[in-house]
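Hello,

Here is the structure I promised to pass on to you. Have a look at it first, and then read my notes below.

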Amino acid sequence: MRARLRKRLNKIKSLSATDLSASAIVFSPHQDDETLGCGGTIIRKREAGAEVRIVFMTDGSRSHDRFIPEKKLIALRRQEAVKAAECLGLRPENVWFLDFRDGELADRQTIAIERVRQLLLDHQPQQVFIPYVREAHPDHLATNEIVFGALASHPQEVAIYEYPVWYWHHFPWTANWGDRASQIAYLKASIKAKLGWQAVQEFDYRVDIESIRSQKQLALSQHHTQMERLVDSPDWGLLKDVADGEWLECFFQSQEIFRRTIIATRK
Ligand SMILES: [Zn+2]
């Protein structure tokens with residue numbers, strides 16, 4: 001079934017040369033989502049001469065706060081994000097941090113909408129990239145809602161591209177490698193969330209990343225806190241631990257996929 005779904009991804013329409021060269025702001029809930037969800041697309045857009053900026057919504061302070069003091073973790077993840085963005089072709093001045101507390105973005109929606117609204121007015125991007133609306137993670141969903149909220153009063157036409165991250169953490173893309181009971185629970189949750197066949201129909205644009213996959217890998221490897229155990233403990237969570245590595249593989253398929261919505265110009 002997974003092979004059939006992957007084949008279907010190859011049939012999605014490609015972003016045109018004009019779309020690749022259009023200016024964009026990528027809104028990323030945490031320091032790594034930008035590379036996972038659209039790192040290849042950012043590289044291709046930069047190659048096409050597009051102006052691209054990345055906005056990190058939260059401070060990333062909760063990923064490993066059991067092991068590293070929050071302040072230190074925030075500083076580390078900030079450095080990693082700037083290095084990763086450089087690998088994607090961005091200058092550090094085009095990487096911004098809104099620093100809302102990790103895990104609590106949904107509680108700050110009103111102020112976040114105002115800040116994003118101002119950024120959009122100041123920079124007038126032709127495109128924005130945001131997490132897919134049906135992402136289960138609360139910061140991902142909040143990022144989606146905040147950007148849509150900010151665009152409600154935006155005067156210019158903008159193309160919104162929703163990118164999947166936690167979407168891939170569902171059957172059939174990934175299996176659950178736990179005991180039988182947790183495998184059945186995973187399967188049931190995936191069916192209930194309708195994130196297999198049904199969701200794949202919603203993604204209508206793709207960017208081929210085959211030729212620049214190693215560059216995307218290099219960018220991701222800059223997120224050391226997410227890719228390496230900095231403390232010798234099996235409890236230090238890594239991206240490659242999720243679904244026994246199958247989830248991480250989903251970001252290195254031949255293409256990145258998006259759901260596009262155009263918000264028309266307001267007179
Ligand atoms: Zn995230």
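**What I found**

Asp99 sits in strand E4. Its phi is positive, about 60°, even though Asp99 is not a glycine.

Before you go further, please keep in mind that this is a predicted model, in which local features need pLDDT of at least 70, side-chain atom pairs count only at pLDDT 80 or more, and totals for chains, interfaces and linings use all residues. Residue numbers start from 1 along each chain, following the sequence as written.

**The chain as a whole**

The chain's secondary structure comes to eleven helices and eight strands. Both kinds of element are DSSP runs numbered from the N terminus: helices are H or I with at least four residues, strands are E with at least two. The radius of gyration is 18 Å, close to the 18 Å that the globule rule gives for 267 residues, so the chain is as compact as a globular protein of that length. (That radius is taken over C-alpha atoms, and the rule is 2.2 Å times the number of residues to the power 0.38.) Along the principal axes, the C-alpha atoms fill a box of roughly 55 × 45 × 35 Å.

**The sheet**

In what order do the eight strands form the open sheet? The order is E1-E7-E8-E6-E5-E2-E3-E4, with mixed pairing. Strands E1 (13–14) and E4 (95–100) are at the edges with a single partner strand each, so one side of each has no neighbour in the sheet. Two strands pair here if DSSP finds at least two bridges between them.

- Phe56 stands opposite Phe97 of E4.
- Lys13 is opposite Tyr205 in E7.
- E7 also pairs with strand E8 (residues 255–263), this time antiparallel and over four bridges. Asp208 has Gln255 in E8 as its bridge partner.

**Helices that pack**

Two packed helices are described by the angle between their axes and the distance between the axes. Axes are lines fitted to C-alpha atoms, for helices over the stretch in contact, and angles run from 0 to 180 degrees between N-to-C directions.

Helix H5 (residues 109–123) lies across strands E2 (24–28), E3 and E4, at about 165° to E4. The axes of H5 and helix H6 (residues 138–151) come within 8 Å and cross at roughly 55°. H5 and H6 are therefore oblique to each other (under 35 degrees counts as roughly parallel, over 145 as roughly antiparallel, 65 to 115 as roughly perpendicular, and the rest as oblique). Among the residues of H5 that meet H6 are Ile113, Val116 and Leu120, and the H6 side includes Ile146, Val147 and Leu151. By class, this contact of H5 with H6 has nine nonpolar, two polar and two charged residues. Contact means C-beta atoms, placed from the backbone, within 7 Å. As for the classes, Ala, Val, Leu, Ile, Met, Phe, Trp, Tyr, Cys and Pro count as nonpolar, Asp, Glu, Lys and Arg as charged, and the others, Gly among them, as polar.

Helices H3 (residues 33–47) and H9 (residues 213–221) pack at about 130°, with axes 9 Å apart. That angle makes H3 oblique to H9. In H3, Gly39 and Gly40 are among the residues that meet H9, whose side includes Arg213 and Lys216. The contact of H3 with H9 has four nonpolar, four polar and two charged residues.

Phe171 and Pro172 are joined by a cis peptide bond, with omega about 10°. You will find Pro172 in the loop between strand E6 (158–163) and helix H7 (180–193).

Best wishes, and enjoy exploring!

Methods
Contact = placed C-beta atoms within 7 Å.
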